[in-house]
Amino acid sequence: MQKRLLVLGAGTAGTMIANKLRRRLDVGTWDITIVDRDDVHPYQPGYLFLPFGTYSPKQVTRSRHRFLPDHVDFVIGEVDVIDPAASKVTLVGGRELPYDYLVIASGTSPRPDQTPGMLGAEWRRSIFDFFTLDGSMALAEALRHFDHGRLVVHIADMPIKCPVAPLEFTFLADAWLRKQGLRDRVELVYVTPLPGAFTKPIASERLGSMLDDRKIVVEADFLVEHIDPETKTLVSYDEREIPFDLLVTIPINMGADFVARSGLGDELNYVAVDKHTLLSKVWPNIFAVGDASDIPASKAGSVAHFAVDIFVDNFLEHVAGKPMTGSFDGHANCFIESGDGKGLLIDFNYDTEPLPGSYPVPYIGPMKLLKETRANHLGKLAFRWIYWNILLPGRRMPVPTLMSMAGKTVPTTTSSTPSPTD
Amino acid sequence: MPVTTLAGHQIHVDAEGFLTDPAEWDEDLARVLAEQIGLTLTDEHMAAVRFLRADFATQGETATLRRISTVGGIPIKQLFALFPQKPAKKIAYVAGLPKPHGCV
Ligand SMILES: Cc1cc2nc3c(=O)[nH]c(=O)nc-3n(C[C@H](O)[C@H](O)[C@H](O)COP(=O)(O)OP(=O)(O)OC[C@H]3O[C@@H](n4cnc5c(N)ncnc54)[C@H](O)[C@@H]3O)c2cc1C
């Protein structure tokens, strides 16, 4: 009997998995099927650049099937529900896809419907997101007409995919406004539910001082309750108010609704898995890889990439009835654009926060960690090519899968003793 | 890991004062911890604290505000009223649990 592997989602993680496993699973014994709702694969990191005209939409989309290998069945359809007890998936319209093993790789998406007032009269008039292709394009148009006022960049709640993206947008907006000669006429405000610029202390301090240098006002610990579209104001649960002329928001991010419908999701529709093996905590034949899982790592393409490397070997052991020997460490590696042709790079995992140093080669680099350099910016731009040509086809990247401490320095001075009320 | 004594309780804490061993906690200690951050516990406070403890026991992680509201049924607005400014961190502190690291 043919064995059936079914992958839900042909995005970053699903596409890599289909490519890598097709090479490792014998065509004579294994069928691989992958499902997505359409045939347009977006390069999501490119959405950051669209509002500033650096990229055009053509540069950030390709057809999904171009990246899938022979002998993988690509089904276009909307997943409706998983029946884990019966090991089958039903698509909207009723088509059923039975499986022996299932990989949930359906990612996470911005949900403006979750914040009252966001989708009101001001949506795409003065309220924009850039986490979707059409949102990013609409924002590009709005920026062309924006010449003075309060520009507020806002995160509704964590976790979000690419947690540095809103900071990058803010830095790029600052540089772009300076270039247009408009910076003096614009007040830039960064609103976050976090206590500072980023989640981890050393990076947060570094990035926070970069915001200060650029005269960007930070409103921390701000958890939005609703938006008043009439007065164009963000209102928090503790009744603070932040007015805006142009709001660039990162709506609440949530996993796919079918995950919740299938009884597999937490309160944000993420699938509960073991953080080292990505195997479901409930079902021994279901994995969740990429943004769809609840692992306490950044939701990022780099995390998906490193996790897939571990997952593939583990999967082969698992289906052979052996214990899984690979252990994912939560490795993330993210470029942070900082404007004016420069950028930073951070490299971290479950246990180690982003530290200064060089990457991937100790002392040499060419990339510097937590430091603004031109090489980091060029690395970020080169990544689009790498994504299409190396990452998605599942070719080997010349960087280690697990995070390495080589080349990193642990600062000795720690800031003043924090307290639970800081 | 520093050891400290609070109103007769010997406890292990991290650099920020969060308990590192949830088993050292009881409701009596919760009142003492709450005083440390200027709170007097009422039944409403305790409802949130008890949910966090029970949820941690099954999930192994400190619940986020969203989880306390959707799963525990206590509206976020009320959590802000009870534990002003930084409710997630404050409830975890009073409940003797690690601070929520849902945000990465
Ligand atoms: C603005 C922005 C900037 C970013 N920058 C970076 C960066 O610099 N570096 C980095 O590492 N990461 C970055 N990311 C994050 C990165 O794009 C994601 O983390 C990555 O794509 C996650 O891969 P995934 O396979 O888990 O999900 P995705 O690639 O999002 O794929 C999920 C797929 O599932 C499909 N799907 C979902 N529900 C259904 C359904 N019901 N039926 C059928 N199909 C369904 C979707 O159509 C989608 O194709 C950025 C993201 C954004 C939005």
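P366(A) is found in strand β24 (residues 365-369) of chain A, where helices (H or I, at least four residues) and strands (E, at least two) are DSSP runs numbered from the N terminus. The peptide bond that leads from G365(A) to P366(A) is cis, with omega near 10°. The model is a predicted one, in which local features need pLDDT of at least 70 and side-chain atom pairs count only at pLDDT 80 or more, while totals for chains, interfaces and linings use all residues. Residues are numbered from 1 along each chain as its sequence is written, chains are lettered from A and ligands numbered from 1 in the order in which they are written, and side-chain values use heavy atoms, with hydrogens and water left out.

A cis peptide bond also joins M158(A) and P159(A), with omega about 0°. P159(A) belongs to the loop between β12 (149-155) and α3 (165-179) of chain A. Another backbone feature concerns E239(A), a residue other than glycine with a positive phi, near 65°. E239(A) is placed in the loop between β16 (233-236) and β17 (241-243) of chain A. For comparison, most residues other than glycine have a negative phi, and most peptide bonds are trans.

Over all chains, a search of the whole structure finds 30 salt bridges, a salt bridge being a side-chain nitrogen of Lys or Arg within 4 Å of a carboxyl oxygen of Asp or Glu. R64(A) forms a salt bridge with D38(A), and the closest N and O atoms are 2.8 Å apart. Because R64(A) lies in the loop between β4 (61-63) and β5 (72-76) of chain A and D38(A) in the loop between β2 (30-36) and β3 (40-42) of chain A, the pair ties together parts that are 26 residues apart in sequence.

I386(A) lies in helix α7 (residues 374-391) of chain A. When neighbours within four places in sequence are left aside, I386(A) is in contact with L391(A) and M397(A), contact meaning heavy atoms within 4.5 Å.

The two chains meet at an interface in which 22 residues of chain B are in contact with 28 residues of chain A. Chain B and chain A bury about 2200 Å² between them, 60% of it on carbon and sulfur atoms; buried area is the accessible area (1.4 Å probe) that two parts lose on being put together, summed over both. Four salt bridges are found across this interface. One of the salt bridges joins R67(B) to E267(A), with the closest N and O atoms 2.7 Å apart. On the side of chain B that touches chain A, the elements that give two or more residues are α3 (65-70), α4 (76-82) and α5 (87-94) of chain B. Of these, α3(B) gives the most, with four residues.

Within chain B, helix α2 (residues 43-59) packs against α5(B) at an angle of about 75°, with the axes 9 Å apart. Axes are lines fitted to C-alpha atoms, for helices over the stretch in contact, and angles run from 0 to 180 degrees between N-to-C directions. The angle therefore makes α2(B) roughly perpendicular to α5(B), since angles under 35 degrees count as roughly parallel, over 145 as roughly antiparallel, 65 to 115 as roughly perpendicular and the rest as oblique. A48(B), V49(B) and L52(B) of α2(B) make the contact with I91(B), A92(B) and V94(B) of α5(B).
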